[in-house]
Amino acid sequence: MHNANAAKSSKAALTEAKLPFWWALTVFSTAIAAAWSLTGESLWLDELHTSWCIEGNLVDLQERSQAGNQPPGYMLLISSLHWTVSQMAGGAHDWILRIPSVLAHASSSLVLFVLSSKLLRERKRQESNPLFCDGLAAAISICWFCFDRSQLFFASEARAYALLQLVQFLGWLCTWQYIRPNDAGNMRTRFFLLWGLSSAIGLHLHFMAALAILWQGITLLIVVTVRGAPKATIGFFVTAL
């Protein structure tokens, strides 16, 4: 009897562990399908600038990016991807330019799902019967993000905004993990360095990343100052530089 109960408990735990994976896969696939359905349209003016930037050598790419007030980092990524996929697809296609945005939108939806799942698990540990509205609010947030008109617009265009949003999501996630009181010091250091990396990548994607980085930096600076950690304060300024 004891072995039978143990086997049932183990099977139930395994099933419960697999559920988040299948839900995550569903969210990721749904977001890709929603964004991909809009990639068949012709390139519009700003996307044509992206196409123009990658139709040259590295010097042309940098000069053309600056002419459109864009950092060259995103254009370099698109140029490399466009050349690689074009070789496999047997020619250049407009949808190749939009692949990073589609994948970035799906990844942002996945980050939102993982964050919501983590918050719900913590709420479940605190309360034996978590409120139904907690899960409902998480589901509504994820659905809104996947199918929002503005989000789908950014997710189906050959510009940096969907990818920039993903990087800033990760930046805020690192900020949140850093300020949590339950994380060990070495984990805080890792999230701090990851925040610096996400900030650097964001600035190379688009200058608008500075707005989110500014508020993330203010939040982190307040936390390290209140905690009275001089080494962390020095590390903050080194990372910021």
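Biologist: What makes the side chain of T84 and the backbone oxygen of S80 a polar contact?

Modeller: This is a predicted model. In it, a polar atom of the T84 side chain lies 2.9 Å from the backbone oxygen of S80. The cut-off is within 3.5 Å, so the pair counts.

Biologist: Where is T84 placed?

Modeller: T84 is in helix α4, residues 72-89.

Biologist: Why is T84 called partly exposed?

Modeller: Its relative accessibility is 37%. Buried needs under 20% and exposed needs over 50%, so T84 falls in between.

Biologist: Which residues of α3 are buried?

Modeller: In α3, residues 58-67, they are L61, R64 and S65.

Biologist: What makes N57 a cap for α3?

Modeller: A side-chain oxygen of N57 lies 3.1 Å from the backbone nitrogen of V59, at the N-terminal end of α3.

Biologist: What follows α3?

Modeller: N69 does, with a positive phi near 55°.

Biologist: Why are C53 and C174 called buried?

Modeller: The cut-off is under 20%. C53 has 0% relative accessibility, so C53 is buried. C174 has 8%, so C174 is buried too.

Biologist: How many disulfides are there?

Modeller: A search of the whole structure finds 0.

Conventions
Residues numbered from 1 in each chain as written. Predicted model: local features only at pLDDT ≥ 70, side-chain atom pairs only at ≥ 80, totals over all residues. Heavy atoms only, no water. Buried < 20%, exposed > 50% of the residue type's maximum accessible area, 1.4 Å probe, protein only. Helix = DSSP H or I, 4+ residues; strand = E, 2+ residues; numbered from the N terminus. Polar contact = N/O pair within 3.5 Å; in protein donor to acceptor, adjacent residues only side chain to side chain. Disulfide = S-S within 2.5 Å.
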